[in-house]
Amino acid sequence: MIYAAALAVLALAGAAFVARLVYGPRLADRVVALDGVLTTVALAIIANSARTDSTQYVVVAVVFVFDDSAATVIYARFIETTSGGGAP
């Protein structure tokens, strides 16, 4: 029962991040939303692994999070270089 509740909360979080991804007014908002979506997917993989009592997909989730972090850093660097750098 607790796993169903956790997956439901993760589904709501994912939906909120997707809404921000679609309707975000700036590129930075969309990058943060994409990071949230990918992190939510990784957490859902881990919650499903806990539900099935299997560690088979935990490695996949960890690799997924590392790729997610690298992509966020790359996008942040892109935004920084295209917007002129420093704070407004």
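Helices (H or I, at least four residues) and strands (E, at least two) are DSSP runs, numbered from the N terminus. The exercises below apply this and further definitions to a predicted model, in which local features need pLDDT of at least 70, side-chain atom pairs count only at pLDDT 80 or more, and totals for chains, interfaces and linings use all residues. Residues are numbered from 1 along each chain as its sequence is written, and side-chain values use heavy atoms, with hydrogens and water left out.

**Exercise 1. The chain as a whole**

Determine which elements the protein chain contains and in what order they run.

Solution. 
- Step 1. The protein chain has 3 helices and 0 strands.
- Step 2. Read from the N terminus on, the order is α-α-α.
- Step 3. The C-alpha trace spans about 50 × 25 × 15 Å along its principal axes.
- Step 4. The radius of gyration is taken over C-alpha atoms, and the globule rule is 2.2 Å times the number of residues to the power 0.38. A compact globule of 88 residues would come near 12 Å, whereas the protein chain has 15 Å.
- Step 5. Buried residues (under 20% relative accessible area; exposed is over 50%, partly exposed in between; 1.4 Å probe, protein chains only) make up 17% of the 88 residues.
- Step 6. Accessible areas come from the Shrake-Rupley method with a 1.4 Å probe, and for residues only the protein chains shown count as cover. The protein chain exposes about 6,200 Å², of which carbon and sulfur atoms supply 71%.
- Step 7. A contact requires heavy atoms within 4.5 Å. Among contacts between residues at least 6 apart in sequence, 50% join residues at least 24 apart.

**Exercise 2. Helix α2 and its cover**

State how far α2 reaches, which of its residues are buried, and what covers them.

Solution. 
- Step 1. The expected span of a helix is 1.5 Å times one less than its number of residues. With 26 residues, α2 reaches 38 Å from its first C-alpha to its last, close to the 38 Å expected.
- Step 2. The buried residues of α2 are Asp29, Val31, Ala33, Gly36, Val37, Thr40, Ala42, Ala47 and Ser49.
- Step 3. The cover over these residues includes α1 and α3.
- Step 4. Apart from neighbours within four places in sequence, Thr40 is in contact with Leu10, Ala13, Gly14 and Phe17.
- Step 5. Thr39 also lies in helix α2, but Thr39 is partly exposed, with a relative accessible area of 29%. From Thr39 to Ser54 there are 15 residues in sequence and 20 Å in space, C-alpha to C-alpha.

**Exercise 3. The salt bridge**

Identify the partner of Asp29 in a salt bridge, and decide whether each of the two residues is buried or exposed.

Solution. 
- Step 1. A salt bridge is a side-chain nitrogen of Lys or Arg within 4 Å of a carboxyl oxygen of Asp or Glu. The structure holds 1 salt bridge.
- Step 2. The partner of Asp29 is Arg26, and their closest N and O atoms are 3.5 Å apart.
- Step 3. Asp29 is placed in helix α2 and counts as buried because its relative accessibility is 18%.
- Step 4. Arg26 is exposed, with a relative accessible area of 54%.
- Step 5. Not counting residues up to four places away in sequence, Asp29 touches Arg20 and Gly24.

**Exercise 4. A nonpolar patch**

Name the residues that make the nonpolar surface patch of about 330 Å².

Solution. 
- Step 1. Patches are made of residues with over 30% relative accessible area and no salt bridge; like charges are joined within 9 Å, nonpolar side chains (Val, Leu, Ile, Met, Phe, Trp, Tyr) within 5 Å.
- Step 2. The patch is made by Val18, Val22 and Tyr23.
- Step 3. Tyr23 lies in helix α1 (residues 2–23) and is exposed, with a relative accessible area of 68%.
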